[in-house]
Amino acid sequence: MAWDFSTEPGFEEQLGWMRGFVREEVAPLDLVFPHLDHRVPPPWLRRVVDPLKTEVKQRGLWACHLGPELGGKGFGQVKLSLMNEILAPYQWGPTIFGVQGPDTGNAEIIAHYGTEAQKTRYLRPLLEGEIFSAFSMTEPQGGADPTLFECRAARDGDEWVLTGEKFFTSNAQHAAFFIVMAVTNADVSPYHGMSMFLVPADSPGINILRPTRYMGEAEDGMDHPHIRYDAVRVPLDSLLGPEGEAFTVAQTRLSGGRIHHAMRAVGQAQYAFDMMCERALSRRSGDQPVSAKQLVEEAIALAYAEIEQFRLFVLRTAWKIDQGQGYSREVRKDIAIAKVLSYRVMRSVLDKAVHIHGALGTTDEMPLARLWQLVPGYGIWDGPTESHISTAARLILKGRVPASGLWPTEWVPARTEAAEKKYAEALLERARAAGDAAEVPAGA
Ligand SMILES: Cc1cc2nc3c(=O)[nH]c(=O)nc-3n(C[C@H](O)[C@H](O)[C@H](O)COP(=O)(O)OP(=O)(O)OC[C@H]3O[C@@H](n4cnc5c(N)ncnc54)[C@H](O)[C@@H]3O)c2cc1C
């Protein structure tokens with residue numbers, strides 16, 4: 001019997017250390033150095049954050065998102081889930097532990113598809129936390145549907161020339177390089193006509209048209225710009241993965257990115273829930289805490305149920321990946337559902353948590369406002385909720401078959417007739433014992 005929901009004692013001890021360390025050392029960074037977590041720190045900030053990163057490295061908890069064969073620690077996705085739950089409530093959490101998006105997803109595809117030279121140039125410093133990166137896929141005219149992408153790359157001598165526009169390339173202003181998806185053969189299906197490129201951020205021809213900020217993001221916060229690639233030239237060996245196979249490469253990145261986002265959503269929803277419980281117990285209405293009011297009790301019980309179901313689902317999906325199922329069809333179905341639940345659970349729990357805090361919950365004096373602002377993003381980044389619902393439904397239905405005739409397989413009249421035939425003798429005996437000839441079934 002292998003069902004086991006416990007954490008091995010050695011790792012539980014690490015998680016316990018993380019909880020204290022994150023609360024004492026990392027959470028305060030959000031309050032005094034907000035928005036500086038996704039860029040190379042200036043010397044004065046290095047003096048603060050480098051010792052924290054060193055401590056994490058000494059505990060063996062740095063950059064745990066990749067397996068040993070890919071240059072990481074090899075903790076696997078279940079342990080990463082448990083870690084992300086602790087890190088995600090705080091902006092600086094993932095950066096201090098070397099697991100911040102979008103760099104984790106970018107590192108994953110370079111680790112999977114990069115040449116040794118690409119790994120040396122891009123992956124090593126990325127894993128060391130020395131540089132940051134950006135993923136340039138979405139375009140102004142098409143985000144959810146990559147078959148509409150127009151940005152192109154053409155061979156010219158010993159170079160590729162990239163021309164076109166991209167939108168929402170997160171953290172472009174502080175990235176050392178971009179991973180750009182571009183059409184390399186417009187004459188074949190887009191599924192085999194696009195390629196991925198590693199493009200240094202200082203390449204001539206990269207024009208940031210405007211920064212574009214996510215709602216509520218500060219002026220100096222992360223940008224998600226509209227970019228024009230004006231004949232940007234990169235050497236032929238800038239191709240990441242096989243030519244024409246950007247869809248497959250992107251799938252690796254996006255599947256990993258989605259489940260990592262779901263892990264973070266669990267931690268953020270739990271953080272909001274903890275605040276909500278404390279407030280409900282502290283705030284009074286008449287002679288009772290508001291936690292004693294039935295409708296508040298309902299909000300607390302339902303939020304608990306939503307988070308627990310979601311958490312178990314994310315952990316089981318992570319476990320499936322760890323069991324060697326990778327991003328198989330079975331796992332992609334669950335990742336799609338985890339992505340849908342991230343949005344729904346965050347929306348539902350944040351709504352309750354903000355509401356139960358009353359006016360205070362709507363202000364910038366609680367961490368709830370920042371978490372609340374993430375909710376619409378959860379429904380859109382990595383593809384909108386609707387397309388993941390469709391993907392999941394299609395994968396769920398694969399291998400299932402329609403009914404063989406007019407009536408459903410479980411149609412009760414046909415099943416009753418079959419059951420009466422199967423147990424005709426017993427039915428006959430029962431009818432005789434009751435002395436009721438009318439009860440003798442027709443088929444007996
Ligand atoms: C905070 C944030 C960070 C991001 N970071 C990056 C990044 O680093 N790199 C990057 O390349 N992109 C990034 N994105 C962009 C993101 O991947 C796209 O926004 C997403 O794929 C949706 O594309 P779109 O915004 O163009 O929406 P659209 O394609 O315009 O879709 C709009 C709406 O139409 C509906 N819709 C679309 N398709 C379907 C469908 N198949 N079925 C049913 N309804 C549908 C949905 O309601 C959807 O929300 C980021 C987005 C956000 C919000």
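This is a predicted model: local features need pLDDT of at least 70, side-chain atom pairs count only at pLDDT 80 or more; totals for chains, interfaces and linings use all residues.
Q: How do I describe the way α5 and α7 cross?

A: The general idea is that two packed helices are described by the angle between their axes and the distance between the axes. Here, the axes of α5 (residues 103–113) and α7 (residues 246–282) come within 9 Å and cross at roughly 140 degrees. As for its hand, the crossing of α5 and α7 is right-handed.

Q: Which peptide bond is cis, and where is its proline?

A: Start from the background: most residues other than glycine have a negative phi, and most peptide bonds are trans. In this chain, the bond from Gly 101 to Pro 102 is cis, its omega being near 0 degrees. You'll find Pro 102 in the loop between α4 (93–96) and α5.

Q: What about phi: what value does Ala 63 have, and is Ala 63 buried or exposed?

A: Ala 63 has a positive phi of about 45 degrees, although it is not a glycine. It belongs to the loop between α2 (43–58) and α3 (77–87). To judge burial, count neighbours: 20 or more other C-beta atoms within 10 Å makes a residue buried. Ala 63 has 21 of them, so it is buried.

Q: And Ala 231, is that one buried or exposed?

A: Ala 231 also needs its phi mentioned: about 50 degrees, positive although it is not a glycine. Ala 231 is part of strand β7 (residues 226–235). For the exposed class the count must be 12 or fewer. Ala 231 has 11 other C-beta atoms within 10 Å, so it is exposed.

Q: What is Val 161 in contact with, beyond its neighbours in sequence?

A: Ala 231 turns up again here. Leaving aside residues within four places in sequence, Val 161 is in contact with Ala 153, Ala 154, Asp 156, Ala 231 and Arg 233. Val 161 itself lies in strand β3 (residues 159–167). It counts as partly exposed because it has 18 C-beta neighbours inside 10 Å. For a sense of distance, Val 161 and Leu 239 are 78 residues apart in sequence and 11 Å apart in space, C-alpha to C-alpha.

Q: Where is Arg 152, and what does it contact?

A: Arg 152 is found in strand β2 (residues 152–156). Setting aside neighbours within four places in sequence, its contacts are Thr 163, Gly 164, Ala 182 and Val 183. With 17 other C-beta atoms within 10 Å, Arg 152 is partly exposed.

Q: What surrounds the ligand?

A: There are 21 residues around the ligand, and the closest are Met 137, Gly 143, Ala 144, Ser 170 and Glu 386. Elements giving two or more residues to that shell are β1 (133–136), α10 (368–380) and α11 (385–397). Of these, α11 gives the most, with three residues. By class, the shell has nine nonpolar, 10 polar and two charged residues.

Q: Which domains does the shell draw on?

A: Domain 2 (133–240) and domain 3 (247–397) each supply at least three residues to the shell around the ligand. The chain is also divided into domain 1 (9–114) and domain 4 (412–444). The C-alpha centres of domain 1 and domain 4 lie 68 Å apart.

Q: Zooming out, how many helices and strands does the chain have?

A: The protein chain has 13 helices and 10 strands. Its C-alpha atoms fill a box of roughly 95 × 70 × 40 Å, taken along the principal axes. Of its 444 residues, 39% count as buried. And if you take contacts with a separation of 6 or more, residues 24 or more positions apart account for 70% of them.

Methods: Residues are numbered from 1 along each chain as its sequence is written. Domain bounds come from an automatic or database domain assignment. Axes are lines fitted to C-alpha atoms, for helices over the stretch in contact, and angles run from 0 to 180 degrees between N-to-C directions. Helices (H or I, at least four residues) and strands (E, at least two) are DSSP runs, numbered from the N terminus. A crossing is left-handed if the near helix is turned anticlockwise from the far one by less than a right angle, and right-handed if clockwise. A residue is near a molecule or strand if its C-beta atom, placed from the backbone, lies within 6 Å of it. Ala, Val, Leu, Ile, Met, Phe, Trp, Tyr, Cys and Pro count as nonpolar, Asp, Glu, Lys and Arg as charged, and the others, Gly among them, as polar. Two residues are in contact if their C-beta atoms, placed from the backbone, lie within 7 Å.
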